[in-house]
Amino acid sequence: MASLYAVLREQHPPTAAHLCATGSFRNPDEVNLIVAKASSIEVYALPKEDGGVAEGGAAGILQLVGRYDLCGVVEAMALVKFPNRERAMLLLAFREAKLSVVEYDPAVDNVFTSCIHSFEAEELKGGRINFARAPVLKVDPALRCAAMLVYERKLVVIPFRQTGTEMDDEDDEIVAPSKKARTDAQGTATAGSGAVTRLGAKPSDPKSPFLPSYMIDLEEAGIKNATELAFLEGYYDATLAILHENARTWVGRVAVLNHTATITTLSLNISQRRQPVIWSANRLPHNIKCLVPVPAPAGGVLAVSSNAILYRNHGVRCALKLSEYATVAGDGGLRYDGTGKDALNMDAPPPVLLDGYQFLFSVVDGRTLVATLRLDEDGDAVRGIEITQIPVKKNKTTGAAACLAKLPIGPGYIYFGSRLGDSALLRISKTPRLPAGSAPAPAPPKAVGGFVTGGFVGGGVLAGSGGVSSVPAAAATG
């Protein structure tokens, strides 16, 4: 038999970080940073929040504890910690519609695939062979279900077992799979050995936290060409905001057809498998890249496009113009704040939530921005959006961020994963706002060390001023 190296041989492991997540993946008393780099994942151990980060410096912050190769490129990733499990489970999405559940086994000090969910039946593809967009995976913050967008028009809902909660009685109503699902599930492997679970089939492990999945045809709800998902907060049922573009356009055709994007919100009644439409917002810019849920009680969602940031929630709406290109083909009936003279390009990965209603962005040109939502007097409605640039001093080898993660090791530690250069670990610190025209007091130099093991190098020194400042804590080769 010919060697596999004649077909494919990896000369160097992947180094471009494009996804990251934090949680207790290896041990219950340990916080881990998981970084996905193409067909591999790297697991780093983080110290506890009171573990003396300031005493040990950056040399004690990140420690590479494992690197694991995968049989495909990770397109989406989520880390889920169930109440009845000691360790978090890693959900990995692959093209075209596969979901792998990975767990850590301390007995062998390695990871294993507990189950694989496959949704690649030919009748689901609609006669198509290739799909431009990868699957999108989102997890409900209340741990009621996970949703995966596949084929741009199908939504797979994977309910979670509500053990020990008020919704525990509802599990019996949805555990019985259909006759077709039972037929599809025949011949799967035993639990713990990477069993393939088909659509609607009951997992082979009776203790699995996953219930039988089901699929929603988004076209029946008037949704076509869906591109992004986001679970909203403050609802009794799992509520999902879906970004879609029923009539597509592109930058060379905006003079003829523009503001074609729409956000439609569905309420997922998992026990009855119904999904009524709660509210929708249309005539949005076609170049919206991501949806960002806003915490309760304000709720709603931020829609981030290349030239503007928009907020929507029922009848409440506001928008901030970041460049003149936001209204080059008309405003679409929107009332924008800001002049757009700064010409910011918001092609950026999904932001991370800071304290309150502040979101940190890292844009494609390397700048770091903070978007702040202005609330009304009651604090339950958004009235405006402000954006501020943070002065950040990075190493010359640090590239633009492709993923961001807030690390629970202390206030303000943010991981910047990069594809184009070295990744970085920054510490964001707040400073009081200064009156107009006054000069900031000079901050004392603050050096933070680093370590070379695992590809990490030392950071630099920065004296920040004006609302928010940052100090490089370390940089990661990546």
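These legends describe close-up views of one predicted model. Local features need pLDDT of at least 70 and side-chain atom pairs count only at pLDDT 80 or more, while totals for chains, interfaces and linings use all residues. Residues are numbered from 1 along each chain as its sequence is written, and side-chain values use heavy atoms, with hydrogens and water left out.

View 1. Strands (E, at least two residues) and helices (H or I, at least four) are DSSP runs, numbered from the N terminus.

**View 2. Strand 9 against strand 10.** Strand 10 covers residues 145–150 and runs antiparallel to strand 9, with four bridges joining them. Two strands pair if DSSP finds at least two bridges between them. Leucine 137 stands opposite methionine 148 of strand 10.

**View 3. An edge-to-face pair of phenylalanines.** The model has five aromatic pairs. Rings of Phe, Tyr and Trp (its six-membered ring) pair if their centres lie within 6.5 Å; planes under 30 degrees apart are stacked, over 60 edge-to-face, and the rest tilted. Phenylalanine 82 and phenylalanine 160 pair edge-to-face, at 5.0 Å centre to centre and 85° between the planes. Phenylalanine 82 lies in the loop between strand 5 (76–80) and strand 6 (89–94), and phenylalanine 160 in the loop between strand 11 (154–159) and helix 2 (179–184), so the pair ties together parts 78 residues apart in sequence. Phenylalanine 82 is buried at 2% relative accessible area. Phenylalanine 160 is buried at 1%. Buried means under 20% relative accessible area, exposed over 50%, and partly exposed in between (1.4 Å probe, protein chains only). Phe82, Phe160 and Phe210 form one aromatic cluster.

**View 4. A tilted pair.** Phenylalanine 131 and tyrosine 151 form a tilted aromatic pair, 4.9 Å centre to centre with 45° between the planes. Phenylalanine 131 sits in the loop between strand 8 (110–118) and strand 9, tyrosine 151 in the loop between strand 10 and strand 11; the two are 20 residues apart. Phenylalanine 131 is buried at 7% relative accessibility, and tyrosine 151 is buried at 4%.

View 5. The structure holds 15 salt bridges. Each is a side-chain nitrogen of Lys or Arg within 4 Å of a carboxyl oxygen of Asp or Glu. Aspartate 109 meets arginine 26 at 3.5 Å, N to O. Aspartate 109 lies in the loop between strand 7 (98–105) and strand 8, arginine 26 in the loop between strand 1 (19–23) and strand 2 (31–37), so the pair ties together parts 83 residues apart in sequence. Arginine 26 is buried at 12%; aspartate 109 is partly exposed at 44%. A network of salt bridges links Arg26, Glu30 and Asp109.

**View 6. Two further salt bridges.** Arginine 374 and glutamate 386 meet at 3.7 Å, N to O. Arginine 374 belongs to strand 25 (residues 368–375) and glutamate 386 to strand 26 (residues 382–390), so parts 12 residues apart in sequence are tied together. Arginine 367 bridges to aspartate 365, with the closest N and O atoms 2.9 Å apart.
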